[in-house]
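Please open the structure in the viewer and keep the selection panel at hand. The stops below are to be taken in order.

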Amino acid sequence: MSDPGNWFERDPDWFKKAVFYEIHLRGFNDGNDDGSGDFRGLADKLDYLQWLGVDVLWLLPFYPSPLRDGGYDIADFFTIHPDYGSIEDFKYFVDQAHQRGMRVIADLVMNHTSSDHPWFQASRTDPSGPYGDWYVWGDDDTRWSEARIIFLDTEPSNWTWDPVRGQYFWHRFFSHQPDLNYDNPEVQEQMLNVLRFWLDLGLDGFRLDAVPYLYERDGTNGENLPETHAFLKRVRAEVDARYQDRVLLAEANQWPADVVAYFGDGDGDECHMAFHFPVMPRMFMAIRREDALPMVEILESTPPIPSGAQWGLFLRNHDELTLEMVTDDERDYMYDEYAKDPRMKLNLGIRRRLAPLLDNGRDEIQLMHAILFSLPGSPVLYYGDEIGMGDNFFLGDRDGVRTPMQWTGDRNGGFSRADFQQLYLPPLMDPVYGFQAVNVEAQLRQPNSLLRWIHRLIALRKDHPVFGLGTYEALRPDNPRIFAHVRTYEDDIVLCVHNLARSAQAVELDLSRWEGLVPEEMFGRTRFPRIGELPYLLTLAPRGFFWFQLRKDEAE
Amino acid sequence: MTSKSEQHLIDFVTSQRWFGSKTREVTHSAVVDRATLREEDPRLELMLVETRFDTGTHETYQLLGGDEHELDSLADPRQVRELVHLMRTNTKVPAGEGIVEFAAIESFAGTGHELREARPVGAEQSNTSIVFDEELILKVFRRLEAGINPELELLRFLTEHGFENIAQLAGWYAYAGRQMDATLGILQAFVSGEDGWDRALATMESEPERFLDSLHRLGEVTGRMHAVLGSDSDDPAFAPEETSAESLGLLTATVDEEIESIFMDLPEDNAELEPIRGRGEEVRERLRMLTNLGGTGRVIRHHGDFHLGQTLWADDDWVVLDFEGEPARSLPERRRKRSPLRDVSGMLRSFAYAASATALMRGTSPPVAWEERARAEFLDGYRKTIDQHLVPSGASMDKLLRVFELEKAVYELRYELNNRPDWVKIPVAGIVRMLEEEVPV
């Protein structure tokens, strides 16, 4: 029954209009009181997620794993980590989500496995055996030296010596995550089997982790190679042929010009969606500098994408705020502004949640969400950010942004009934961001809470397909503190005006093309003066914004 | 390009009363599966017709006809009798990509003899119903949805668990195939009696006591219906469940936002709105007081669209009809467990409508305190039979009931503003009453 075809009307554009919500399963809700979140616990929170209005739940990896990289180190692709429950629990959850009109996608790591994976253990112990060629082995640790090291803080090289096999193995990420050898057709076929397995269970798609790195070639940096694209086309063809209305979302932390290639050719024959990484740090830069230019520029330099494709946009996620896609100067600026304590830095990024990054400023949090929701792309929210959860950078790696969801002010924040010592990570308990101050229960009851505001924002966006399907056109007002643009889809025209400054601002917008239309503010449905020949004057509160629907004047 | 026969199909389907998407453009229509229910003359074909819209979505409808030219044979008594005959014989008919299965309830005795007359029931929106010899009624579902049909499911459960205040289930037929698994039709005993709504209005002036007294019994029947629906903890589809920690918060937030949204733009030109105009914040404050309660009880399967029009007074007792749930909701949504007090609040709002309808339609005012008496009788009966484990205790039950009533009244306000501005005074009066009465303690 969990076949999504039973629950959803066929709609090839569904993911373009969707709001995504990223969930750290371990940290969401504990259904069996063992201190770790699980599928039963998550299923119990589906009413909340349905109310919130999100359309797609994206789950971080839930496969068996030694958990040395938050589950991205997969030790078996065909089942569930016992902490999270059973395959039956998974099917129950997906079925319940579908019944509530929500789809489910899951993280899948195709590039590598955990070194604990039986394939790797077989490969290292039996080089001539059936798995001998499933990983990338070499006698020489200098080959492909053009490939950058991604986890700079922990990894000295992309090669690690394996004393068992007596060879080096290749890994683009941690040394406990050997890269699979995609030149081996058996590896390709097995990965397709993995995809089929989960799609057959009713999953609605995948967020494909670390896709640029599948192949290695001499004289290249090993990223975005033609062979990688060829394999993704094969994956897409398989999905299109057998599974309708599913989605493939690429994680390719690259410049937009390179990311666009992951949509493929024509109408799009690789991934349906890809994250737009560079726009994110520039949003943080723009609000701190009180200058729209960084955003306007990055959106201008973003190439057009195929008709069947869509960007995924986000403010924060389970990783550090990555600064790979900015210049050195910009990175220094970001560190100065957003990582005042060196412990906040990780690799090329800042390991903090949204609310602390914005000094817990309510206006700033709302403004950033408004901008995110107004841009061309589908927004991806990170669990806990809808209530303004904080972080704990004293925890290792990225655990500081993966603490338990804060449901109530009760013990363990309502996340688990286990003893405190049993919890996978301590919940936040500080006076500002701790669960007694910040939790779902309290914010549901406060009409003016952040949660209730985000709920209204999601509902508003879903009422207007223009945000998912419409064209984007930047207005370039003289006042650089104003980020203003127009989205258009059929006869739905929406004008979005955001004040990045800490002070009130006035702006004159050239709206002459829409002369005669009447702007109606979309939250309060208040009508503003009709657009005339002269520039349209607006005044905005500090960090304030307006979204207007430009409507025909009914008086005429 | 659409062929002539396809155009014929589109024209036929889109012109039917039961076609639900009249505002959408149908681009294609095709018979996606068919089964021959009778070969010999008159031939009877069951067709599953898919209509596709320009938006890329689709719906599936059930047609029963002779062939591509005769697309509706339900007006022909011989043809509809054949459906009942197939149920009596528990026949399985192969379709192109599935099977159509007919089934009769063994314990039901009323299908033994030959049927003679068949008359269609008029004025239906989404289904087609036929009454046979004033003994049986067949409801044919037109728009098909994949999954378990709540009406069949609830009728079977209530029958198996000995709840007698329903029209007895006699049989059904269903399709199972590549397209979907869906219930196609239900056969029930035909109960003749007086519709609860009509009865309320008919007695309002002349003999209100007779009707008000019978509401105590309706409360008992409703309480017993809920007690039965929440009685089987071994059946996962029916086992009562505890509510989640957020359920009260989610309910509060949902109702609060509906209040906020409707008060944001109340039309200026409707004088009926004066008693509540500018009182949005007061209503929200009242909601906050009402949602300060100890518990919300359990959630169970329930009627889902409960009001006087769904009841029948027959042989000195009440019969509950139509377990389809709210047609506008999706099928899984209609099968969701919720508080039984939602049904209760639906009936209480129905009393308010009945009291005002006499004034609106006949210009006469209802007897003094008619609505209050109706509420008291019904709730008194309900409390006698409801399983106390299913509802919150004491003042919490009264408060939760008022929260649901407020939610319904706000929904009615929006509906009437959009459809029947003259009727706006009914939800307005309901909201005012909730503002003025004491909060239960």
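Is the crossing of H13(A) and H15(A) left-handed or right-handed? In this predicted model, the crossing of H13(A) and H15(A) is right-handed. To see the pair, select residues 362-374 and residues 450-463 of chain A, which are helix H13 and helix H15.

From H13(A), show Arg362(A), Ile365(A), Gln366(A), His369(A) and Phe373(A); they meet Leu450(A), Trp453(A), Ile454(A), Leu457(A) and Arg461(A) of H15(A). Six residues of this contact are nonpolar, two are polar and two are charged.

Now turn to the contact with chain B, to which chain A gives 21 residues and chain B 19 residues. On the side of chain A, select helix H3 (46-52) and helix H14 (440-445), each of which supplies at least two residues. H14(A) provides the largest share, four residues. The side of chain A that touches chain B comprises nine charged, seven nonpolar and five polar residues.

Finally, select the open sheet of chain B, whose four strands run in the order S1-S2-S3-S9 with antiparallel pairing. Strands S1 (26-38) and S9 (143-144) of chain B each have a single partner strand, so one side of each has no neighbour in the sheet. S9(B) pairs with S3 (residues 58-65) of chain B over two bridges; Leu144(B) is the bridge partner of Thr60(B).

How values were computed:
Residues are numbered from 1 along each chain as its sequence is written. Chains are lettered from A and ligands numbered from 1 in the order in which they are written. This is a predicted model: local features need pLDDT of at least 70, side-chain atom pairs count only at pLDDT 80 or more; totals for chains, interfaces and linings use all residues. Axes are lines fitted to C-alpha atoms, for helices over the stretch in contact, and angles run from 0 to 180 degrees between N-to-C directions. A crossing is left-handed if the near helix is turned anticlockwise from the far one by less than a right angle, and right-handed if clockwise. Two residues are in contact if their C-beta atoms, placed from the backbone, lie within 7 Å. Ala, Val, Leu, Ile, Met, Phe, Trp, Tyr, Cys and Pro count as nonpolar, Asp, Glu, Lys and Arg as charged, and the others, Gly among them, as polar. Two strands pair if DSSP finds at least two bridges between them.
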